[in-house]
Amino acid sequence: MVRLLKPVLVVLAIPVLAGVLSLMARTEWEARWDANLVRQVVRQGQRPNGRLIARFSLATLCHDGRTASQIPPCGPYSLFGRIVPVAAIVAGVGLLLLGGIAAAGYACRANPRRLSAVFRPVRLISAWAIVLLILLHTALAVAAWLVIRVVFERWARSSVIVAALGALLAAVAMIWLVIGVSRRSTAVVLGRQLVQSAHPRLMEALRALMPDAVARTPDHVVVGLTPGIFLSEADVVSLDGRLRGRTLYLSLASCRLLSVEEWRSFVSHELAHFDGRDGELAAGFYPLYTGGRRAVDGLRNRVRGLMSIVAWPVLSLVSFVYDAFAAGERQVGRAREFEADRAAAAVTSPATLATALVKLTAFGPAWETALDAMDAAAAAGTQYVNAAELFAEISALNAGSDRLRGQGVLGLAHPTDTHPALVDRLAALGVTLADVARESLDTRPPTSGVSLIDGYVELERALTTAQHRALAGH
């Protein structure tokens, strides 16, 4: 109910204000005309009566096109009369928009196929409808200012021009914000794209995970240092530019912690998202939904001062679009993560996948410690040679049993998908944290997943230099 209050306030505030001001202005205009008419009748020695006043009222004279053009007060009077129905129509369109969005979101709950098919057009239509509402509200706001200027004569005529220019600039800023928060999700990684033909072992390992060709080989493979492994059709911005299509990101640091079997299990989970019905969500729904949601949250945290006032109506309306589909996304998202986990567990085993999940969750924060150490080294005029080795050493030093305490409530980060808590994923696999505790604290497996990437040490060193430069630039 609270989430609905803000967008309702946004779509009604200006139309209601413009309508009320116009009604008040029309009443005031009529009262002034009638008072002046009474004075003229009295001057002529006649007694004013209701029939006479009604015959020469603004409502009568301005309704007749022959006389309206000859009576100057009919211009503002007609304007006041037109604003009221226009304001009512604009308010009705806004409420219909909100109702349609809410109904679409409700209809998509627990229905993955409908969610994938409906969200894209609703998102597009909503964006254009919001732009239209911004323009209509701008026109109504200028009209309301004109009403105040004409009736109360408080400000100079130039104030209407200034108000119109200000409203136009605000409208342009709002439209720019709508466009900005309506883009597809983009993942920015400090990584390098691999030439797939130069890494036959890695590509062979990936193809081995797709025996039925359910999911095609990724269009791009990017390696970086920041912990995480994901496969996404969101645009990925790397050191080699913007990559479009299906991109597999492999953290060399994370791959050092995983055994080959754990690596295979986790990558199988990512590949499973592009199988059948889930592929429609992974390719179509999530890049749009997550990208827009994160853009809204990021903009809300960045805007300050006057811009925050301009952004508030846009953010309220756009947020409502994503809030309407949030319940459906949560229900579908949990189910698809559990299904992908089951598919990955069938490739290796539930315990193997569980171990990989626990490792990536528990030791991911070690990267922040590594970055702090790199910052300190740069301040001292030196730098680390291999940040992935540093990450692995920090993880090994913190691989005590207390490392797993409290990890169950956490979930892995992903550029587009949302993940359930670790404890829920383990429960769905039929595994407890205690079952895989010993294996999960083994951060130096005899043969790690990073060994599948030819020349990984050279890649780690080159990326470490790039990371140092990025830290220095920041």
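Author: Let us begin at the surface of this predicted model, where Val 16, Val 20 and Met 24 make a nonpolar patch of about 260 Å².

Reader: What makes Val 20 count as partly exposed?

Author: Val 20, which lies in helix H1 (residues 2-43), has a relative accessibility of 41%; buried means under 20% and exposed means over 50%, so with its 41% Val 20 falls in between and is called partly exposed.

Reader: Why are Cys 108 and Cys 255 called buried?

Author: The cut-off for buried is under 20% relative accessible area, and because Cys 108 is at 1% it counts as buried, as does Cys 255 with 0%.

Reader: How many disulfides are there?

Author: The count is 0, where a disulfide would need a pair of cysteine sulfur atoms within 2.5 Å.

Reader: How do you know that the length of helix H14 agrees with what its residues should span?

Author: Helix H14 (residues 366-379) has 14 residues, which at 1.5 Å a residue should span 20 Å, and because its end C-alpha atoms are 20 Å apart, the two values agree.

Reader: Which residues of H14 are buried, and why are they said to line one face?

Author: The buried residues are Ala 366, Trp 367, Ala 370, Leu 371, Met 374 and Ala 377. Seen down the axis of H14, they fall within an arc of 145°, so they line one face of the helix. The face turned away from that buried side carries the exposed residues Glu 368, Asp 372 and Ala 379.

Reader: What comes just after H14?

Author: Gly 381 is found there, with a positive phi of about 85°.

Note on methods:
Residues are numbered from 1 along each chain as its sequence is written. This is a predicted model: local features need pLDDT of at least 70, side-chain atom pairs count only at pLDDT 80 or more; totals for chains, interfaces and linings use all residues. Side-chain values use heavy atoms; hydrogens and water are left out. Buried means under 20% relative accessible area, exposed over 50%, partly exposed in between (1.4 Å probe, protein chains only). Helices (H or I, at least four residues) and strands (E, at least two) are DSSP runs, numbered from the N terminus. The expected span of a helix is 1.5 Å times one less than its number of residues. The arc is that of the directions from the helix axis to the C-beta atoms. Patches are made of residues with over 30% relative accessible area and no salt bridge: like charges are joined within 9 Å, nonpolar side chains (Val, Leu, Ile, Met, Phe, Trp, Tyr) within 5 Å. Accessible areas come from the Shrake-Rupley method with a 1.4 Å probe; for residues, only the protein chains shown count as cover. A salt bridge is a side-chain nitrogen of Lys or Arg within 4 Å of a carboxyl oxygen of Asp or Glu.
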